[in-house]
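Look over the sequence and the 3D structure below. Then use the briefing to find your way around.

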Amino acid sequence: MTALTVSGCSSSASKSASAGAKGAAASTPATPAKPSPSIEAVCLQGVAGVDKTVTHFPGGNGHTVEAYTTGTGPIGVVLAHQVDSTLCQWSDIRNDFPDKDYTVMAITMGGGIDTDVVKAVEKLRAKGLQKIVLVGASMGGTAVLTAAGEITPPVQAVVSLSGPAGYGNADAYGSVEKFQIPVAFFAGEQDLTFATDAQKMYDAATEKDKTIHILKDDPDHGVDLWPQVKDEVFSFITKHTQ
């Protein structure tokens, strides 16, 4: 009955009804935009303007990657942290990369650490960066070594600071056996398991442009190696990004 009544209305009534419907539609509130994830990195909370340089994107195993990007240089760098840490671990080290030369993205990884690194590279390339270097410490070393074998086109270089041969599903050893990417391994001699893994991966790497430095009598691990090796790291990066 309702349909018959509406179809039998006069033209003026129809126009009035149509106008009313349009008014009702216009007054319907728009669906609010989904809010951006809040900043989780403790070192960035409360820092003025940091929301413009922090991004979030899907990573591995349903994890949302938080990334902090600084610099405007032509060389992209992904920094991958150690276990039980966040992008904040690179706060001091990140400042060693001149803003005019590097665009540095430090990320907080989750379950699929190699995928998190792959996605970070995609984000840097979306900014137009064509030269990318991966740097990882301990678990992050495993992440960047594994990711390097998954990224197409390949990155320019990979640096591992005490990265183990495997972590979870990330298989750094299997990756270095296959990829053809300049790679550098660093570890402290007294950091026994990790020094052994570094040597094993260096020996297994099929890439001819590879280097290893086991620091004699040194117990330092991961990012703690940085003061001793940063000059070597920058020389290695420069060599492969010219």
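The points below go from the whole chain to single residues.

This is a predicted model, in which local features need pLDDT of at least 70 and side-chain atom pairs count only at pLDDT 80 or more, while totals for chains, interfaces and linings use all residues. Residues are numbered from 1 along each chain as its sequence is written, and side-chain values use heavy atoms, with hydrogens and water left out.

**The whole chain**

- The chain has eight helices and ten strands. Both are DSSP runs, numbered from the N terminus: helices are H or I with at least four residues, strands are E with at least two.
- Of the 242 residues in the chain, 46% are buried. Buried means under 20% relative accessible area, exposed means over 50%, and partly exposed lies in between (1.4 Å probe, protein chains only).
- The chain exposes about 12,200 Å², and carbon and sulfur atoms supply 53% of that area. Accessible areas come from the Shrake-Rupley method with a 1.4 Å probe; for residues, only the protein chains shown count as cover.
- Take the contacts between residues at least 6 apart in sequence: 73% of them join residues at least 24 apart. Contact means heavy atoms within 4.5 Å.

- Strand β3 spans residues 75-80, and six of its six residues are buried.
- Ile-75, Val-77 and Leu-79 are buried on one side of β3, and Gly-76, Val-78 and Ala-80 on the other.
- β3 runs parallel to β4, joined by six bridges. Two strands pair if DSSP finds at least two bridges between them. Val-77 has Val-104 as its bridge partner in β4.
- β3 also runs parallel to strand β5 (residues 131-137), again with six bridges. Here Leu-79 has Val-135 as its bridge partner.

**A β-α-β unit**

- β9, helix α7 (residues 192-204) and β10 make a right-handed β-α-β unit. Right-handed means that, with the strands pointing away from the viewer, the path from the first strand over the helix to the second runs clockwise.
- β9 (residues 183-188) and β10 (residues 210-215) pair in the parallel sense over six bridges. Gly-188 has Leu-215 as its bridge partner in β10.

**Aromatic rings**

- The whole structure holds five aromatic pairs. Rings of Phe, Tyr and Trp (its six-membered ring) pair if their centres lie within 6.5 Å; planes under 30 degrees apart count as stacked, over 60 as edge-to-face and the rest as tilted.
- Phe-97 and Tyr-102 form an edge-to-face pair, with 5.2 Å centre to centre and 90° between the planes. Phe-97 is buried at 2% relative accessible area, and Tyr-102 is buried at 6%.
- Tyr-102 and Phe-234 form a tilted pair, with 6.0 Å centre to centre and 55° between the planes. This pair links distant parts of the chain: Tyr-102 sits in strand β4 (residues 102-108) and Phe-234 in helix α8 (residues 226-241), 132 residues apart.
- Ring pairs link Phe-97, Tyr-102, Trp-226 and Phe-234 into a cluster.

**Around Ser-162**

- Where is Ser-162? Ser-162 lies in the loop between β6 (157-161) and β7 (166-167).
- Ser-162 is buried, at 1% relative accessibility.
- Leaving aside neighbours within four places in sequence, Ser-162 is in contact with residues including Ser-138, Asp-191, Asp-220 and His-221.
- Ser-162 and Val-223 are 61 residues apart along the chain, and their C-alpha atoms are separated by 8.5 Å.
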